[in-house]
Amino acid sequence: MSYQKNVRILILDDNRQMATLFVVILKAFGFPHPVVSATVEEAQDICQDNTFDLILVDQLLKRGSGLEFVRWLRNPNTTPMQFVPIIMISSYSERSRIFDAIGAGVDEFLVKPVKPIDIARRIDAVRFKRRKFVRAENYFGPDRRRFKDKFYNGPFRRADDMVADEADVFEFD
């Protein structure tokens, strides 16, 4: 229970009812003080002065985009929190929107309406089953390949994969 009390969570959602629902669920899980932001700009300002251990982001906002915020977070030139776990939440379940989120660098994706058990599973996934990070020309974030091939025996999945020493990051040229 002490783990949850020390975890700092940011929620970026412009819908006050959804943000309140997330706060209530997270508090029920033992996370005492989630921080809520309604705009990308406000979330960026908050992130300049604070660090977080987990961020929940709505994909589509009235002003701005959750994808824009995720790309900003994953950029090492804009914030030191490029490795923070990010769970994206969306009202849309189309494959293209999910792939857009994965391409922006999210760790997990949830479709509204959400159930507390779904949020708990995604938090467990980013806490206990975190994927290594990959750096490519146009991508930085968790390895998009979620499953391991049981027939694969080597350290790389592509001929041009290179392992970087810092923070288990893969580099692709």
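This is a predicted model: local features need pLDDT of at least 70, side-chain atom pairs count only at pLDDT 80 or more; totals for chains, interfaces and linings use all residues.

User: How do the axes of helix H4 and helix H5 cross?

Analyst: Angles under 35 degrees count as roughly parallel. The axes of H4 (residues 66–74) and H5 (residues 95–104) cross at roughly 20° and come within 9 Å. H4 is therefore roughly parallel to H5. The crossing of H4 with H5 is right-handed.

User: Which residues in H4 and H5 meet?

Analyst: In an α-helix, residues three or four places apart point the same way, because there are 3.6 residues a turn. Here, Leu67, Val70, Arg71 and Arg74 of H4 meet Asp100, Ala101 and Ala104 of H5. Four residues of this contact are nonpolar, three are charged and none is polar.

User: How many residues of H4 are buried, and what caps its N-terminal end?

Analyst: Seven of the nine residues in H4 are buried, among them Phe69, Trp72 and Leu73. At the N-terminal end, the cap is Ser65, with a side-chain oxygen 3.0 Å from the backbone nitrogen of Leu67.

User: Where is Gln59 placed, and does it count as buried or exposed?

Analyst: Residues under 20% relative accessible area are taken as buried. Gln59 lies in the loop between strand S3 (54–58) and H4, and it counts as buried because its relative accessibility is 4%. The Gln59 side chain reaches the backbone oxygen of Arg97 at 3.0 Å. Gln59 also touches residues including Ser65, Leu67, Asp100 and Ala101.

Conventions:
Residues are numbered from 1 along each chain as its sequence is written. Side-chain values use heavy atoms; hydrogens and water are left out. Axes are lines fitted to C-alpha atoms, for helices over the stretch in contact, and angles run from 0 to 180 degrees between N-to-C directions. Helices (H or I, at least four residues) and strands (E, at least two) are DSSP runs, numbered from the N terminus. Angles under 35 degrees count as roughly parallel, over 145 as roughly antiparallel, 65 to 115 as roughly perpendicular and the rest as oblique. A crossing is left-handed if the near helix is turned anticlockwise from the far one by less than a right angle, and right-handed if clockwise. Contact means heavy atoms within 4.5 Å. Ala, Val, Leu, Ile, Met, Phe, Trp, Tyr, Cys and Pro count as nonpolar, Asp, Glu, Lys and Arg as charged, and the others, Gly among them, as polar. Buried means under 20% relative accessible area, exposed over 50%, partly exposed in between (1.4 Å probe, protein chains only). A polar contact is a pair of N or O atoms within 3.5 Å; within protein, one must be able to donate a hydrogen and the other to accept it, and residues adjacent in sequence count only if both atoms are side-chain atoms.
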